[in-house]
Amino acid sequence: MKKMNMITMKRGVARSLTDTSTFRSSSLSFLRSLSSTSSTTVDVDVSASSVAKLVTPTFLQPRVVLYDGVCHLCHQGVKWVIRADKDRKIKFCCVQSNAAEPYLRASGLQREDVLRRFLFIEGLNVFSQGSTAALRVLSYLPLPYSALSWLWVIPTPIRDAVYDYIAKNRYKWFGKAEDCLVLQEKELLERFIDRDEMMKRDS
């Protein structure tokens, strides 16, 4: 009986070691695929000890505004937020850049969707567009700007109708540039997650 128990125990340990090896192998492959497909360069420690500690990939930054970088009206809005955001909570990304792609995939949107209504990603699976996104951005700003969040009382269809009307005519009223306007004001790039890409494009 003892001999049979020992055999059973050895088989169980061998199976456990095999399962652990398989888990580590698949986890390492998953991490390598993430690091190779991400548009942001990240040093990933893929040692066996790090596999157990890493739970959620952290490639996407929180509180990122994706906007039409060639739109003069949009650019002025970004500059206003940068001036008001004394705590530097909000970051930005031109939707025309490659760095925008992971954020588009995470939100299930296409570039055309963001050209119609700008996108604000606050965190994993937390994002908004259009007038709601504008109010969410305001909520992160210090007073008195955050007080403008009282505009929540206006029904969303009305807010979005006004937003969509302005967005539809923004090029005609305010103009459109050939390339992302932030390249003309490089001092703003420190707030952009696509900063390196923009600098290379301009060189």
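1. For the residue classes used below, Ala, Val, Leu, Ile, Met, Phe, Trp, Tyr, Cys and Pro count as nonpolar, Asp, Glu, Lys and Arg as charged, and the others, Gly among them, as polar. On that scheme the lining of the largest pocket divides into 21 nonpolar, 3 polar and 4 charged residues.

2. On the basis of the values: this is a predicted model, in which local features need pLDDT of at least 70 and side-chain atom pairs count only at pLDDT 80 or more, while totals for chains, interfaces and linings use all residues. Residues are numbered from 1 along each chain as its sequence is written, and side-chain values use heavy atoms, with hydrogens and water left out.

3. The largest pocket has a volume of about 820 Å³. Of its 28 lining residues, Gly77, Phe118, Ser131, Ala134 and Tyr163 are the closest to the centre. A pocket here is an open set of points on a 1 Å grid over the protein atoms alone, where a 1.4 Å probe fits, with protein on both sides within 12 Å along at least five of seven lines; lining residues have an atom within 4 Å of a point. Points are joined across faces, edges and corners, and the volume is the space filled by probe spheres set on them.

4. Which elements each supply at least two residues of that lining? They are E1, H3, helix H5 (111-116), H6 and H7. The largest share, 7 residues, comes from H3. Helices (H or I, at least four residues) and strands (E, at least two) are DSSP runs numbered from the N terminus.

5. The largest nonpolar core has 23 residues, of which Val65, Tyr67, Phe92, Val182 and Phe192 touch the most other members. Strand E1 (64-67), H3, E2 and helix H6 (130-139) each supply at least two of its residues. A core is a set of buried Ala, Val, Leu, Ile, Met, Phe, Trp, Tyr and Cys residues joined through side-chain atoms within 4.5 Å. A second, separate core of 12 residues includes Val95, Ala100, Val114 and Ile121.

6. Leaving aside residues up to four places away in sequence, phenylalanine 192 touches Tyr67, Val78, Ile82, Phe92, Cys93, Cys94 and Val182. Contact means heavy atoms within 4.5 Å.

7. H6 is largely enclosed by the rest of the structure, because 7 of its 10 residues are buried. Buried means under 20% relative accessible area, exposed over 50%, and partly exposed in between (1.4 Å probe, protein chains only). Among the buried residues of H6 are Gly130, Ser131 and Leu138. The cover over them includes E1, H3, strand E3 (119-123), strand E4 (126-129) and H7.

8. There are 9 salt bridges (a side-chain nitrogen of Lys or Arg within 4 Å of a carboxyl oxygen of Asp or Glu). In one of them, glutamate 185 pairs with lysine 79 at 3.1 Å between the closest N and O atoms. Glutamate 185 lies in the loop between helix H7 (156-174) and helix H8 (195-202) and lysine 79 in helix H3 (residues 72-84), so the pair ties together parts 106 residues apart in sequence. Glutamate 185 counts as buried at 19% relative accessibility, as does lysine 79 at 16%.

9. Aspartate 85 and arginine 191 also form a salt bridge (2.6 Å, N to O). Aspartate 85 sits in the loop between H3 and strand E2 (91-94) and arginine 191 in the loop between H7 and H8, so this pair too joins parts that are 106 residues apart in sequence. Both residues are buried.

10. Arginine 195 and aspartate 196 form a salt bridge with their closest N and O atoms 4.0 Å apart. Arginine 195 is partly exposed at 35%, and aspartate 196 is exposed at 52%. Elsewhere, Arg117, Asp160 and Asp164 are linked in a network of salt bridges.
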